[in-house]
Amino acid sequence: MTVYFCHSHSRSLKFVRHLFSVFCLLILAAPTAWSKENLQEVMKRRGLTQDDILAAAKTYTPTGGRDEFLVFASGGQSGQVIVYGIPSMRILKYIGVFTPEPWQGYGFEENSKRVLEQGRIDGRDITWGDTHHPALSETNGDYDGQYLFINDKANPRLAVIDLHDFETKQIVVSPIYQAQHGGAFVSPNTEYVMEAAQYATPLGGDYVPLDQFKEKYRGGVTYWKFDREKGRLDPAQSFSIELPPYSQDLSDFGKLASDGWSFTNSFCTELYVGGIEKGRQPFEAGCSAKDTDYMHVINWRKAEALYKAGKVTKVKGHPVITMETAVKEGILFLIPEPKSPHGVDVTPDGKFITVSGKLDGHTFVYSFEKIQAAIAKKEFVETDPYGIPILDMKKVLQTQVDLGLGPLHTQYDSVDGVAYTSLYVDSMVARWNYRTGKLIDRIPVHYNIGHLMTMHGDTVKPRGKYLVALNKLAIDRFNPVGPLHPQNHQLIDITDSNKMTLLYDMPLPLGEPHYAVAIEANLVKPVMNYKAGTDSRTGTISPHKTMAGSERIERKGKKVEVWATVIRSHITPEIIEVEEDDEVTIHLTSLERAQDIVHGFTVNKYNVHASIEPGETTTVKFKADKPGVYPYYCTEFCSALHLEMQGYFLVKPKVKKDKK
Ligand code: K7E
Ligand code: CUA
């Protein structure tokens, strides 16, 4: 039909002919809604190659389809966790952890406020977090899909997320650190969740001048006991080990062959304290003067026994094994490691430990067997300034590989011996073999990769298949959105032993996702609704559970308490009238059982919001300090009569008694 138009020009006005030809050009250039394109035509129009189409076919997930793996990525400065699927790279959820999250009512209703309040430091609300490393709970060294832990580097905290409903249940604050980076890492049966300090400070955080850095400043590692029955960390059964004021970086637990041990690398073993403004060299120079730093090798099972035997001192009430005790009891050793290391990763069989030096260009593979032999023979080259024995690096090194510039983190493949290391400076991923020390293959990424992640890649049983490069910069990968760009997670196919293939770029616009973990999706089995009247944050039946017909409003002095229910499509009660300055508490129970039928609740202008999921009971609380009329309503489009799911909250002004 387009053809007819083009040729049927009459001898009318030139202008009309011109319009026609423009119209025809448009039609020819861009297929319209009424012309069905075939694959070749789409490829031509969008400039896609055969490889692009293959990549699309490997990631595209038709409607209703499911992903094979679930990823839990750190939300960086957002203080949240991002959940997405592989291979589709579709984002499924943001989990509020250290930061209020309005949709989930997190921090806007009482139950979740109590979780966030656990994260207060020195009486101060800290409503952001610098999340770095998520860790999934493990059974026998493999992910079991039950819990997720994540650390906050800026405010030394650790959070527990229960994967039965993807909600944050607990936040604990380190009693002794001021910064905390080397966490979260779990022991093979999740007995402990480890975190290490980063920037050295006096333990407990009291003031000590910097000229006493060497004597009084310290680092450390904390082993938080995890009570799996309760699904909570137990501070009363947790302990730390005092470490030198080397900036402890990342950690990893040993497994299988190295079970019972843990490893923590460090940088700035120069003990440099800065002072560029005083004419001293800057931190980055002062902290990288030496050619090597130290990996801490710790026998945590023996440390646990020492703690249980009471061989600890208390710092701010928290049990700490001193360096002196640790050295005397033979549970703490140091090994030189490549300059400014970042990342320490134990191989799936637990036999080797890889560490990369950002400034060294080498990835070191240590043999746990050789480490044990050296310790048994007391083959130490010297002690550090704190009396900690240092092992002879040459005697414990298995191999040393040149993978490229700026090596950082390592993950493992299902294929025996195969490892992947991120190269920050080169913007590449290196595939190599830690048994042979041979580089196999490299793939460029865009740009400046930090962590990388393979499926179950830090467990005893990596699943292979995919790798995600967690890139720090996106530069030119996406439509520009201002100076702050999204980060770029790139999905890479690792099934071909000859060549890695880039499949997909996913922009992540929610803070810097330092690390992520990926689990087989079928291992995670979340509930679809709660037992009637559940307080989801405690997992218990709420004393305020309210059933249909027992909704009520009670007043005690200035306190007004409301027990309300929500169900399609009404909130009961629908009118709540209080007096100025009344303290108002509204308990809300969802009577719904149906999947995905969630009601939200707010009272306008009072900064409260609840997400009331099927079966849940939750509470909002506020002071009615401003007389007036305030609608309240359901904030989720839950039904055809959602807009009518409303009520009136009225605040009567005080009668001014002193005015005649
Ligand atoms: Cu950003 Cu693991 Cu904190 Cu490396 S960390 S990149
Ligand atoms: Cu309930 Cu809208």
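Predicted model: local features only at pLDDT ≥ 70, side-chain atom pairs only at ≥ 80, totals over all residues.
Local features need pLDDT of at least 70, side-chain atom pairs count only at pLDDT 80 or more, and totals for chains, interfaces and linings use all residues.

Start at ligand 1. Ligand 1 sits in the second largest pocket. A pocket here is an open set of points on a 1 Å grid over the protein atoms alone, where a 1.4 Å probe fits, with protein on both sides within 12 Å along at least five of seven lines. To sit in it, a molecule needs more than half of its atoms within 2 Å of the grid points.

Which residues surround ligand 1? They are H132, H133, H181, L250, H342, H409, G450, H451, K472 and H514. Each has a heavy atom within 4 Å of the ligand. Strand 4 (131-139) and strand 28 (449-455) each give two or more residues to this shell. Strands are DSSP runs of E, at least two residues long; helices are runs of H or I, at least four. By class, the shell has one nonpolar, eight polar and one charged residues. Gly counts as polar and Lys as charged.

Now the backbone. D122 lies in the loop between helix 5 (110-118) and strand 4. Its phi is positive, near 50°, and D122 is not a glycine. A cis peptide bond joins G183 and A184, with omega about 5°. A184 is in the loop between strand 7 (167-173) and strand 8 (185-186). The bond from T572 to P573 is also cis, with omega near 5°. P573 belongs to the loop between strand 37 (570-572) and strand 38 (575-579).

Finish at the surface. L405, Y424 and V425 form a nonpolar patch there, with about 280 Å² of accessible area together. Patch residues have over 30% relative accessible area and no salt bridge, and nonpolar side chains are joined within 5 Å. V425 is in the loop between strand 25 (418-423) and strand 26 (428-433).

Conventions
Residues numbered from 1 in each chain as written. Chains lettered and ligands numbered in written order. Heavy atoms only, no water. Patch = residues over 30% accessible without salt bridge, like charges linked within 9 Å, V, L, I, M, F, W, Y side chains within 5 Å. Areas by Shrake-Rupley, 256 points an atom, 1.4 Å probe, with all protein chains shown as cover. Salt bridge = Lys/Arg side-chain N within 4 Å of Asp/Glu carboxyl O. 1 Å grid on protein atoms, 1.4 Å probe; cavity = no way out; pocket = protein on both sides within 12 Å on 5 of 7 lines; lining within 4 Å.
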